[in-house]
Amino acid sequence: CRPPPEEIAMDGKEMTRMAPEIDGSRVVAPKEAQGLMDESGRASEDLRRDEEKGWGTESLNEMQPLGSVRNPIDRQRADDEEGGIVDIIRSITRLSLGRKICLACTLLTVIIISAVIGACTEGNCGQKPTIIVEVPTPTPAPPSASGAPSQTPAVTPQSHSGATKIVSELQEERAAAGGSGIAGADAMLSFSVVKVYNHDSEAFTQGLEYMSDSSTFVESTGLWGKSSIREVDITTGNVLKKRDLQPQFFGEGCTVFQGKIYQLTWRERVCLVYDRNTLAPADPPQLHYDTDGWGLTTDGQFLIMSDGSATLYFRHPITFAVSRKVSVHEVVGGDSHPVTQINELEMVRGEVWANIWHTDRIARIRKEDGFLLGWIDLTGINPRNYAGGDDVLNGIAWDKENDRLWVTGKTWARLFEIDLIRKG
């Protein structure tokens, strides 16, 4: 049972480990091990005699106190590090057995193992330490009211307290202070972006409305010869359904009411009516009015319409007759000023919200009397120089159930989900 020459080199004075390196340095046996050799180099002869007495590899493999020793024939070394230690133990043990000094062998083996393990612990044998992180098992979401497991909305990447929660707080503050008795508007609101989505950059957006039953948008687009009514996937921006208008119509604002889509036209003074699910013409397919058509929304009872002036019209959804109208005005320093250029409309928390043509602001309007409750400043939301063109902010959609809010603009390549915050 002679140690292989590539493992142990003996020159009569020292014993040096020749195979696997630890952290770039060879493992050298302590000087005490050198005394186990005599100068006549008769270790080989002693080992031969020991073999004749039965001290072979089988005996080594049965030495359980040296639990790190493994039979290279029956088992493969677990890794280089363990293999290096095994080689040291095997070589020293064989040498020790050959010299018949078992006590010294045991002490020497313990010294060498301790030294090697200490080196691996301090230097980790040239490897980075393994860090085990326990990841807690996620707690299943509680079931919804219907009994089905709750799911995180696909279009919302982060949880938030509500896009328009601040508006609810302002309404409570106003009510506590006397409601309509407050002369001026609320403090200006700003925004934070929750997520950005793709939007058709060819779409001259005139109207935008969220559909809770399908989690999609209904969008109206304008320009003669390019106008359409379409259903759009929120996440991808892909057009799912589309109906082009006849070239003489310039599409304007839209809203959905009782299973029908209502779409204004600009100067044609025609409101086109479609089936909500198929986009086919409804019955009746058209309604008529006597002003320009700009923005359109609903409060659940009337269709509320703008015409680019300071006036909001409350129209009957069947006849399109005007039930009443209000003049939108802002009170500054006790004086009332009309707010004109009212464009796309959306009902949010009982208020009429309106894009103002060629601005980055949204007006919050009290529907009962047209009083301007406050402004939402969206300056800088789309980093693009408008240069006085028509590619301006236009398009507001609100998810009432989950309090999510989206805005976009004419021919914008992006649509923004936002939360409202107090400015400054």
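Is S227 buried or exposed? S227 is buried, with a relative accessible area of 2%; buried means under 20% relative accessible area, exposed over 50%, and partly exposed in between, using a 1.4 Å probe and protein chains only. Before going further, bear in mind that this is a predicted model, where local features need pLDDT of at least 70 and side-chain atom pairs count only at pLDDT 80 or more, while totals for chains, interfaces and linings use all residues. Residues are numbered from 1 along each chain as its sequence is written, and side-chain values use heavy atoms, with hydrogens and water left out.

Let's step back to the whole chain. It has six helices and 24 strands; helices (H or I, at least four residues) and strands (E, at least two) are DSSP runs, numbered from the N terminus. Of its 424 residues, 46% are buried. Take the contacts (heavy atoms within 4.5 Å) between residues at least 6 apart in sequence: 54% of them join residues at least 24 apart.

Now back to S227, which sits in the loop between β5 (216–221) and β6. Its side chain reaches the backbone nitrogen of G251 at 2.8 Å and the backbone oxygen of F249 at 3.4 Å. Leaving out residues up to four places away in sequence, S227 touches T221, G222, D244, L245, F249, F250 and G251.

One of those neighbours, D244, leads us into the next piece. D244 in β7 is the bridge partner of S228. Strands β6 (residues 228–233) and β7 (residues 239–244) run antiparallel and are joined by five bridges; two strands count as paired if DSSP finds at least two bridges between them. The two form a hairpin with five residues between them, and G237 in the turn has a positive phi of about 80°.

Further along, there's another hairpin to look at. Strand β14 (residues 311–315) pairs with strand β15 (residues 322–327) in the antiparallel sense, over five bridges. T311 has S327 in β15 as its bridge partner. Here six residues lie between the strands, and F320 takes a positive phi near 65°.

Finally, have a look at helix α6 (residues 165–176). Its 12 residues reach 17 Å from the first C-alpha to the last, close to the 16 Å expected at 1.5 Å a residue (the expected span is 1.5 Å times one less than the number of residues). I166, V167, S168, L170 and R174 are the buried residues of α6, and their cover includes β3 (189–198), β19 (351–356) and β24 (414–422). After α6 comes G178, with a positive phi near 115°.

Key
Polar contact = N/O pair within 3.5 Å; in protein donor to acceptor, adjacent residues only side chain to side chain.
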